[in-house]
Amino acid sequence: MRQRGKFMFVVSALVAVHLLVLFAGFVAPYDYATQDRDHAYVHPTRVHLMDCAGRFHLRPFVYVTSLQEGALSDYREDCSQPAPIRFFTRGDEYLLAGLIPSQLHLFGVASPARLYLLGTDEFGRDQFSRIVYGGEVSLFAGLLAALLALVIGVLAGSIAGASGGWVDETIMRVSELFMAVPWFYLLLALRAVLPLKMDPVSAFILVVGVIGVLNWGQPARLVRGVVLSGREQNFVQAARGFGAGRLYILKRHLLPMTFSLALTQMAVLVPRFILAEVLLSFLGLGIGEPFPSWGNMINEAQQYHVLVSYWWMILPALVPVPVFLGYHGLADALREKLQSQVRFRGDK
Amino acid sequence: MNPGGRTLTSGIAASRPDGASPSAAALLRLADFSIDYLGSDGEVVSALRNVELEIREGEVLGVLGESGSGKSSLSNAILRLLPPNGRITSGRIEYRGKDLLALSQSELRQVRGAGIALISQEPALALNPVLTIGRQIIDVLRAHRRVSKEQAMEQTRAMLREIGFPDPDRISRAYPHQLSGGQRQRAAIAQSLICEPSLLVADEPLSSLDTITQAEILELLQKLKGELNLSMMFITHNAGVLSSLAERVAVIENGQMRACGTLDELSSLDDAYVRGLIFPEKDLGRVLVQPQEPNWSVTEEPFLRLRNVSKHFIQRHIFSRRKFAVQALQAIDFEIREGSTIAVIGRSGSGKTTLARCIAGFETPDSGEVSFAAEVANQSRGVVQLIFQDAGSALNPRFTAADAIAEPLVIARQASPDQRSQRVRQFMEEVGLDPSWASRIVIEFSGGQRQRIAIARALAASPRLLILDESLSGLDLPIQAQILGLLMDLQSRHGLTYLHITHDLNFLSRFADEVIVMDDGRIVERNTPAVLFQSTHPATRSLIEASERLHAPGLEVAQ
Amino acid sequence: MIRYMLRRFGHALLLLVGVSLLLFILMEAAPGDFFSEARLSGEISPQTLHALRAQYGLDQPLPVRYLKWVSSAMHGDFGYSVAYNMPASTLLLPRARNTLLLTVPCLLISWLLAVPLGVLAASRRGGWIDRVYSGGTSALLGLHDLLLALLALLFALRTGAFPAGGMASLDVTGGLWVHWKDIGWHMVLPAAVLIVGSLAPILRHVRSTMLDVLDSPYMRAAEGHGINRFTLLFRHALPAAANPLISLFGLSTALLIGGSLLVEVVMSWPGLGPMVLEAILARDMFLVLGAVLLSTLFLIVGNLLADLLLYAFDPRIRTEA
């Protein structure tokens, strides 16, 4: 029973995170490109419940911060200018679901106060907002790429398993070729032949395509294994004895067998592909400026002076960690469910 | 009196050298013994409840029960080898007076292998695949005795020779995958006996072997019992085997002891369940003297005819990939009449299964033809249905019983969904399943029940000929008898002709009109059971003799 | 034995040829040919370019080009780098050596760490060691190479205990031993990142393999014969686990070579990784091709070694009865 509770928790957490980034414009207080040169490399804004005079307020608030005279990055709070955090407030305009213009944000503060929950970067762009927008890119790139790889893999694997003979041999040999190259090198090799600079949308499609198309090998092999062993089963032969055609057998017997495998594979592949997108963008071969991806945000943190002085810039590298943990937990739970399903319960 | 005329207690007195009664001291005693298991869904299942058992020095106690009665838990529990989710909830196990449950790990280790040794069901699984036989036996020896390497090898070779291996050196250097099933079981027995334990616990040691090998191993155990004065706990569902080995028998039903005593005493008890276990053939009707006439009108023309059918296979060695041809069927010729029940017997590799598959259409013969009577041949598919050996793999585990049974109707696009569920209910009732279980998934049924589902499914295809390919082998004898009875019931109702492929002769004289004996891809004999039991053909004789040694039920011939 | 090795070797060779063909065809998708970027940059004289074109048959159809490339590769000539204006092999081989220098010790160390730890955790299933092990590997799975590399960099910059990048210091003078010590000192952080980053899947695999073996009926039977725990574990369980553990070797090789690219880039280790990246950005196709193929070669050789080990340790494969 405990397992079930843990499983539901992981699933709901993952769903919540994905919903959150899907509504990036709403959740993020600022636009991903809005620059604020007066507030470059600001440390995360401190949220207070108690003001400078020691009074307690129910509504959290922030103070206006400004750069001290002559200093490069010394920001001080101004006790005389408190700004309460408002919920469902108006802010930068964005497109809800990419279609409807809206100005409603989950939370924010009124100008000239700033709510930089996770600090800002070199151009004064709010890191929190950029992480949320970037999450939209990275998470869904991983998800879509995994879907793509799985679709190709299931197709190839079932055709190979169901056909046998030279069709099977060819598909397996080709998949072996794809799997013989270290995965990231293969990724880069394909990336190499495609144009380097692209607009964000094309870049996104490109990244998803590249990652998905090159990684069909493992799912295909696994699906083929299931289909092959399925074909040998006596109940498939019995069905043939009843006069069943190949399509019926595929639909009614073989494909359902691949479902649990496909699900588990998804849980295994998604984190790997999220990482692939992050790495590609980090190296400058994925989503580029100004649209944030966790990868290209981490790139900024690679510079030594940033790394040492501005600790919040490394947060984009930490954010994927709980996501990965969540997916791995999901994969484990699915694998256990898969194993326990196949045992016969009627005998002792 | 023993109904059916089968005498079961003939062999035992002869095997004791001095005929004296066993010593009064108990070697092993179980008192108030209970075991629970924790299921994966959190449920607690009680496997054994308050079991009382006693084995005396030099005695063989048989433990007779069906699958699921808890008898395997018994063997594992004695040496405290239960899986992690099993627990001993009460009772004592006294071995030579000491409570095994109270021993420390190191004391327990000394008892294991040297005091009490275990032989399990699947010999292939009990042997480590990457170690040589010799190594595995020596490791057991050196775990209990201080011997030098040379002495250990010497003793191992002696043991292997005793077990019946003429070339112990070759065997001790071999790996398990290089031996046959019977050889592996012998090797496992050698491993268990190398430290000369006082008590051997054998958990269904014969079930995974074919008839002839079963008889050989049984003979070996009898010999060892005599020579080493070995005490044994022999767990099985086959009472016939016990009759030549066990002094007393304990009957277990659903985790509880139902009766205990000599086989004579048990068979005269007024207990239908116990008698059903000892004489599973009792409800199968009378012994057939001559082929039965079907009670529906049949054509004169032979129902099924095979003419000069041959088939060979190309097989590959697993590792060397060298190909070689196996001639599975050679010039097979025979006919069968409609409504008859024909048994095809032969040892493994004789070609019986290939024959079944050729008739069923799963394989095409290389030469010759398989033909049916004219009016049958015009019928569409489904004339011949094959019931597989393992009902577990013959049914899609994710299907419900209703899905499985209705499948032939769905594929043939006959009958509306309503008609289908009605017919499913009908078939389920016919085969003795509760129709309210129709929406349960296949994996929730027991082995015997799954085979009934398979039969119901076959019936749904409206067959004329039903081929049962070793369909009963994996089941307990009492269940085998029940299913056979069911099949005989269905025969007249549905106008069926049966072809039973089997490697053992259980119940033969009760259900078979005629028997065909196969050996090496050829038919060597064909007769009624009565005549067959007098046969002098070597292939037939070896099968019959092995079955007699195993006291297979249904071998008698009416006087 | 010879037959088995020849078969595996032949298979590996075929694989290498197949991959090279696949990559070659892939490169076809790029606009222009291998030297179009050079024409634009103007660094190399048109005459040299023309000569190179002829040498590598760039105006010939694909099969001819491929064969020319293969034959020159067999002589150690991997093409010409237009970004650096020198033969590709001169650039690739030292880089390949550096990548090997980094990954091979990491491979050995991660194996030497994972196998004993995994065996220990599996043998004490459910105990505190096992729980720490399982929890630890689960947590480790979430930590990706990039994060680890950045943390390592941060550590290097803050404490100065290890260099923040590179393979060797410029101002080191002295004999061979001093140079090797210096390289070793530079290797610590990248190696640590590489090992920690790829350890988690390996650790899990070892534990689950051992658990599978320990749960087998033959292990229970051996326990039932009274064999002591030490013998059970090391003389019965471990040999039985050899087969799946050796397949682990192939897995770990793939993880390490794949992960090395990123680690080399972030920590400025002069291996094939940074080379392939620069080559992509400079559109230097021969270099890309060569680097990817070399990394593939390492992976294939690693798997071949695993095949050899399998033959040595699994009697079922050895006895071709």
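1. Does B:Ala402 count as buried or exposed, judged by its C-beta neighbours inside 10 Å? The model is a predicted one, and in it B:Ala402 has 20 C-beta neighbours inside 10 Å, so that this residue counts as buried; the cut-off that decides the matter is 20 or more other C-beta atoms within 10 Å.

2. B:Trp437 lies 35 residues from B:Ala402 in sequence, while the C-alpha to C-alpha separation of the two in space is 8.6 Å.

3. Turning to chain A as a whole, its secondary structure comprises 13 helices and five strands, and its C-alpha atoms fill a box of roughly 85 × 50 × 40 Å when this is taken along the principal axes. Of the 348 residues in chain A, 42% are buried. Where contacts in chain A between residues at least 6 apart in sequence are considered, 69% of them join residues at least 24 apart.

4. Between chains A and C, 35 residues of chain A are in contact with 37 residues of chain C. Several helices of chain A give two or more residues to the side that touches chain C, among them helix 4 (165–180), helix 9 (246–282) and helix 13 (320–341), but the largest share of that side, eight residues, comes from helix 5 of chain A. By residue class, the side of chain A that touches chain C divides into 31 nonpolar, two polar and two charged residues.

5. Within chain C, the axes of helix 5 (residues 88–123) and helix 6 (residues 128–142) come within 7 Å and cross at roughly 125 degrees, and because of that angle helix 5 of chain C is oblique to helix 6 of chain C. The crossing in which helix 5 of chain C passes helix 6 of chain C is left-handed.

6. Which residues bring helix 5 of chain C and helix 6 of chain C together? From helix 5 of chain C come C:Leu117, C:Leu120 and C:Ala121, and these meet C:Ile129, C:Asp130 and C:Tyr133 in helix 6 of chain C. The residues of this contact between helix 5 and helix 6 of chain C divide into five nonpolar, no polar and one charged.

Key. Residues are numbered from 1 along each chain as its sequence is written. Chains are lettered from A and ligands numbered from 1 in the order in which they are written. This is a predicted model: local features need pLDDT of at least 70, side-chain atom pairs count only at pLDDT 80 or more; totals for chains, interfaces and linings use all residues. Axes are lines fitted to C-alpha atoms, for helices over the stretch in contact, and angles run from 0 to 180 degrees between N-to-C directions. Helices (H or I, at least four residues) and strands (E, at least two) are DSSP runs, numbered from the N terminus. Angles under 35 degrees count as roughly parallel, over 145 as roughly antiparallel, 65 to 115 as roughly perpendicular and the rest as oblique. A crossing is left-handed if the near helix is turned anticlockwise from the far one by less than a right angle, and right-handed if clockwise. Two residues are in contact if their C-beta atoms, placed from the backbone, lie within 7 Å. Ala, Val, Leu, Ile, Met, Phe, Trp, Tyr, Cys and Pro count as nonpolar, Asp, Glu, Lys and Arg as charged, and the others, Gly among them, as polar. A residue is buried if 20 or more other C-beta atoms lie within 10 Å of its own, exposed if 12 or fewer, and partly exposed in between; C-beta atoms are placed from the backbone.
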